[in-house]
Amino acid sequence: MMGLSRVGPDPAHRWNLINPHKPPRETHPRAPERERERECRNSLARAARLRSPASTPTGCSIGEEGARHAVFEPSIAMAIEHQQKRKDKKRKHGKEGSEAPASKKAKPVSSKSVPKGVVDKSRLQKQRKQSNYKKSDAGNEKKQPMTKKEGRLHAKELAEARKQKRKRHYTLEQELAHLWEKMRQHDIAKEDRSRLVTEALKKMKGKISEIASSHVSSRVLQTCIKYCSQAERDEVFGELQPHLLNLTCSTYAVHLVKKLLDSASKKQLAAFISSIHGHVASHLRHMVGSVVIEHVYQLANATQKQELLMELYSTELQLFKDLVSTKESRLLDVISKLGLQKSSVLRHMSSVIQPILEKGIVDHSIIHRMLMEYFSIADKSSARDILQQLSGPLLVRMIHTRDGSQIGMLCIKHGSAKERKKIIKGMKGHIGKIANDQCGSLVLVCIVSVVDDTKLVTKMIMRELQTILKELVLDKNGRRPLLQLLHPNCGRYLSPSDFASLNSSIPSLCRKDASEAIP
């Protein structure tokens, strides 16, 4: 029977006779040392058997018996000696640990004895545990568990303390809030209310501009302006006038500014319009400030409206007030009279319009008027870019004004089939409201007249109109889209101004269409 033969004295070198081409395994560098350890373990096992009571003669100690056998087994003697050394080493370490007296505290290891960068982790852990126990004991002695009601009161006190540190006039605001709760009641007598208003205004005197931006104080001021006398109202306006420009962009103070403008005299309104000169474009780009500009635009007369619009046309008109006082209302007339460059005006208006459209601030009539003037001087590419940005859900928020509805009709007329589809889909869910609006109904008339995709119009517009058909028939604005289907472009339900809006177009895009139609 063929087996394995040993190659050389080392047992690690073996040769496989079955496969003679397979080379021998490489010898591990610690193979001789491992062999010696294995022999030592075997010797210890033999020595243990010799030291057992069964094999030890009577009257002979274990050491003597081991020495007697050591004469014949040198390896056994080496193993016994090695084991004895290990036992002595353990005893030595145990004595060193138990030598320190228990009464004395362990001295901290000095930084000189410990090498740099070495941390005694066991000592650190003990110190941390002791400190945690001390903290927990101290906490148990001092603090007692609070009830839910006490916890709520404590949290409220902490919140009040934080507010008092953060807000300069916190105490004054609390006093005004108590007065406001009384003066805003409906069943209070006029004399009592006027007394409370006067008291509140006296407390706020000299500090109105500082507390007007606060949520509570702004509401108190609005109530005071509503019920106070004209002399007190003028006094508040005079104190706030130098700060009105900053307050127009505040989230809470904006309502106070609108309330002041509603009750302002013509002189005060003119002073406010003069104070915002040069800041109209920047405020229209602001979500809060644009609301005030629109409010002023609605309250202003024709001359003041033109002054507000002029700033949006050119940098020169924004800087110099004297140029603004012109009687021409149309932008083309202003350019020809003042000798402005059409390209610079177009560039300036584009820089004003683009941020407004990107932020989606398209609800205001002053912006609609500016866009209409922009289309009158814009070239093909500029007009096309604005039409593409407006074609969609943004247009629904614009068609409630006359200029906005005209812009909507221009987008439908000059837009592509894809853009028209986006506009009609954006109106989904708002068709009934648009049909009942005086300006919005004209946009539906234009869609019915211009859009040739009858399937899309039927699906998106007519199906929604069928649900409110009775209301539309009885409404003077809602019946116009239906009459346009039955009797197109009839003067009995469309005024000359409505026909002018329906027939309006963008000059640059009309010239393009005409040049394409000639050949």
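Buried residues are those under 20% relative accessible area, exposed residues those over 50%, and partly exposed residues those in between (1.4 Å probe, protein chains only). At 35% relative accessibility, Glu-175 therefore counts as partly exposed.

The model is predicted: local features need pLDDT of at least 70, side-chain atom pairs count only at pLDDT 80 or more, and totals for chains, interfaces and linings use all residues. Residues are numbered from 1 along each chain as its sequence is written, and side-chain values use heavy atoms, with hydrogens and water left out.

**Overall composition**

The protein chain has 30 helices and 2 strands. These elements are DSSP runs numbered from the N terminus, with helices being H or I over at least four residues and strands being E over at least two. Of the 519 residues of the protein chain, 35% count as buried. Among contacts in the protein chain with a separation of 6 or more, 64% come from residues 24 or more positions apart; contact here means heavy atoms within 4.5 Å.

**Salt bridges**

The structure holds 8 salt bridges. The term denotes a side-chain nitrogen of Lys or Arg within 4 Å of a carboxyl oxygen of Asp or Glu. Side chains of opposite charge can pair when their charged atoms come close.

| Pair | N to O distance |
|---|---|
| Glu-175 and Lys-203 | 3.4 Å |
| Asp-403 and Arg-369 | 3.2 Å |
| Arg-480 and Asp-498 | 2.8 Å |

The side chains of Glu-175 and Lys-203 meet in a salt bridge. This pair links distant parts of the chain, with Glu-175 in helix α6 (residues 170-183) and Lys-203 in helix α7, 28 residues apart. Lys-203 counts as partly exposed because its relative accessibility is 30%.

A salt bridge also joins Asp-403 to Arg-369. Asp-403 belongs to helix α22 (residues 402-414) and Arg-369 to helix α20 (residues 365-377), so the pair ties together parts that are 34 residues apart in sequence. With 16% relative accessibility, Asp-403 counts as buried, whereas Arg-369, at 25%, counts as partly exposed. Arg-369 and Asp-403 are linked with Glu-373 in a network of salt bridges.

In the salt bridge between Arg-480 and Asp-498, the closest N and O atoms are 2.8 Å apart. Arg-480 lies in helix α28 (residues 480-486) and Asp-498 in helix α29 (residues 496-502), so parts that are 18 residues apart in sequence are tied together by this pair. Both Arg-480 and Asp-498 are buried.

The loop between α28 and α29 contains Asn-489. Although Asn-489 is not a glycine, it has a positive phi of about 50°. Its relative accessible area is 48%, so Asn-489 is partly exposed.

**Helix packing**

Helix α7 (residues 190-204) packs against helix α9 (residues 215-227) at an angle of about 130°, with the axes 10 Å apart. Axes are lines fitted to C-alpha atoms, for helices over the stretch in contact, and angles run from 0 to 180 degrees between N-to-C directions. The two helices α7 and α9 are therefore oblique to each other. Angles under 35 degrees count as roughly parallel, over 145 as roughly antiparallel, 65 to 115 as roughly perpendicular, and the rest as oblique. The crossing of α7 and α9 is left-handed; a crossing has this hand if the near helix is turned anticlockwise from the far one by less than a right angle, and is right-handed if clockwise. On the α7 side the contact is made by Arg-193, Val-197, Ala-200, Leu-201 and Met-204, and on the α9 side by Val-220, Leu-221, Cys-224 and Tyr-227. By class, the contact of α7 with α9 has 8 nonpolar, no polar and 1 charged residues. Here Ala, Val, Leu, Ile, Met, Phe, Trp, Tyr, Cys and Pro count as nonpolar, Asp, Glu, Lys and Arg as charged, and the others, Gly among them, as polar.

Helix α22 packs with helix α25 (residues 440-450) at an angle of about 15°, their axes being 9 Å apart. The helices α22 and α25 are therefore roughly parallel to each other, and their crossing is right-handed. Ser-405, Met-409, Ile-412 and Lys-413 of α22 make this contact with Leu-442, Val-443, Cys-446, Ile-447 and Val-450 of α25. The residues of the contact of α22 with α25 comprise 7 nonpolar, 1 polar and 1 charged.

**Surroundings of Pro-355**

Pro-355 is placed in helix α19 (residues 342-359). With a relative accessible area of 23%, Pro-355 is partly exposed. Leaving aside neighbours within four places in sequence, Pro-355 is in contact with Arg-285 and Ser-350. The C-alpha atoms of Pro-355 and Leu-284 are separated by 9.4 Å, the two residues being 71 residues apart along the chain.
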